[in-house]
Each structure stands twice: as structure tokens, then as C-alpha cells.
Amino acid sequence: MSWAALAVALCLAAPSLGWWFPDTGEAMSSIGRRIDGLFYIILWITSIVFVGTQIALGYVLWKGAVKPAHEKATYSHGNHTLEVIWTVIPGIVLLFIAIYQMDVWAAFRMRNYAPGEIEAIAEVTARQFEWRIRYPAPGKPLMPMPQPDDVYTVNDLRIPVGRPVSISLRSGDVQHSFFVPVLRIKQDALPGTVIPVWFDALQPGSYDLVCAELCGWGHYKMKARVLATSEELFQKWKQEAVLLQADDGLQSASPAESTAADQAQTSTP
Ligand SMILES: [Cu+2]
């Protein structure tokens, strides 16, 4: 009974045990660091079990080797107590892991759990075989449908560093997966669905964005970059991009509008 009480207490305390596991600082996003913590706890549990079983195996081998030759090994079949123990302990460990990870999962998947106000900075549309990105004009919110003054890039997602931002992820054709390994962010892009994904970048840098879902012959080349810069540089870049796009529009037949039309066409499932 006391064992059961201990197991229940351990499971209930699981979400608050994060401080046990040091932040290694390898992930470049706050949620990434918590995801790393989940991997480390599993690594610790499996390491302890591995070392423990190897020590037990070594001990049994040693004990058998030093036995006098005339002593026979005892043979036994079935042990109810042992079977209960090696069923209940892994069960408790699995329950512990299941409850322990809930907090991190909720923080990543539910926007309500994300820290602070989150600005939707861009719409990212995955399509065979590139990432099309649409930003609202400086000072404007991201609208569900393309606007004439939106800014467009291909395979180049710019974000400000140090604050959580969200993107609206969609697919223009088949299933893709938005994967930024260094930020530990992975989310499938599904045709006909707009999925908000929030994340932050803790340090400025250029991070690889790849597709993690086999989506056709050109899947291998469906890579882009996430460029995390300071807030000032991000805003400056967006203002320059708007002017550049307007300039292009004067010289040719308004590519911004044609891209917007193209975007509207491709993003409608
Ligand atoms: Cu792909």
C-alpha cells in the first residue's frame, strides 16, 4: 500500500520535477529546452535501468563462477512476486513519463499556455517544393486572406529574437512538415487546415528549416532558413521589403498582387 502511495505521489509531483534536469542550453528556443528535458529524463531512466541490470548480470555470473563445482544450480519456474514487481515498476515509470510530459506538450500545442502576448508574424505555406511566406505590412496584423501590401518571401522566414511569435502554417498541396531542428519545432502542414505554431528564438542566428514529411520527388530540396534578428533589424527589413516590392510593382505588372492572387489560389484547398 505504501508503494502505491509513493507511486501516486511521484506521478502527481512529476510536472514540477523539471528542476532536477539541468538546462544544457543546446536548444535555441525556450520550448526546445523543455523538450530536451524530456529526452534527458528518459535517458536517465534508461541509463539507470541499463547499468542496474548489467551489474545484476555481472553479479550472477560471478556468483555462479565461484560456486563449488559439486553444487548444482537451483532451477525454479515462475515467481509470482517477481512478475508483479517487473510489471508494476515499468508501469509506474511509463505513467510517470506520461504525466511528466503533459505540461510541456500543453505549453507547445495550446496557445493559451504560451508566455505573454503572441503576435502572428507570418503565414507559411508549404508546397512542392518550397516554403512561401507572407508577412503583413509593417504595423499591420496578419490577415487570413492576402492583402495588397503584404510582403512575400520564398524559403526565407524572418523572425525577431527574444520574444514568442506565431506563424499560420498551411499547405498548398500535399502533407508537409515544418521542422526547425535547432529550435526543436516540428508541426505537420495539412491541406485545408491552418495551424498556428508558436515558438521563439533565444539567440540571433540562421537556423535550418526543412520539410520532415516525404512529400514528393523534390522533398530533399525543400529547405529554407529561419533568420532570427533583433527587433530593430526585423522591422527595418520589413519596411525595406515593402518599398522594394512597391518599386518592383511600378516597373512590372504588380508582382505583389499577382503573388497575392497566386497565394490565394494555391492556399484554397
Ligand atoms: Cu517534404
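A nonpolar core is a set of buried Ala, Val, Leu, Ile, Met, Phe, Trp, Tyr and Cys residues joined through side-chain atoms within 4.5 Å. In this predicted model, the largest such core has 47 residues. Trp131, Leu157, Ile159, Phe178 and Phe199 are the residues that touch the most other members. Helix 3 gives the most to this core, contributing five residues. Both domain 1 (2-66 + 80-109) and domain 2 (120-251) supply at least three residues each.

Ile159 illustrates the contacts. Leaving aside residues up to four places away in sequence, Ile159 touches Ile121, Val165, Phe199, Ala201, Val226, Leu227, Ala228, Thr229 and Phe234.

The buried residues of helix 2 are Ile31, Gly32, Ile35, Asp36, Gly37, Leu38 and Ile41. An α-helix has 3.6 residues a turn, so residues three or four places apart point the same way. Among the elements covering the buried residues of helix 2 are helix 3 (80-109), strand 7 (185-189) and strand 8 (195-199).

The unreviewed UniProt entry annotates residues 37-62 and 83-102 as "transmembrane region". The table sets out the computed values for these spans.

| Span | Helix content | Strand content | Distance between end C-alpha atoms |
|---|---|---|---|
| Residues 37-62 | 100% helix | 0% strand | 37 Å |
| Residues 83-102 | 100% helix | 0% strand | 29 Å |

Definitions and conventions:
Residues are numbered from 1 along each chain as its sequence is written. This is a predicted model: local features need pLDDT of at least 70, side-chain atom pairs count only at pLDDT 80 or more; totals for chains, interfaces and linings use all residues. Side-chain values use heavy atoms; hydrogens and water are left out. Buried means under 20% relative accessible area, exposed over 50%, partly exposed in between (1.4 Å probe, protein chains only). Helices (H or I, at least four residues) and strands (E, at least two) are DSSP runs, numbered from the N terminus. Contact means heavy atoms within 4.5 Å. Domain bounds come from an automatic or database domain assignment. UniProt positions are given in the numbering used here, feature names are shortened, and annotations may be inferred rather than shown by experiment.
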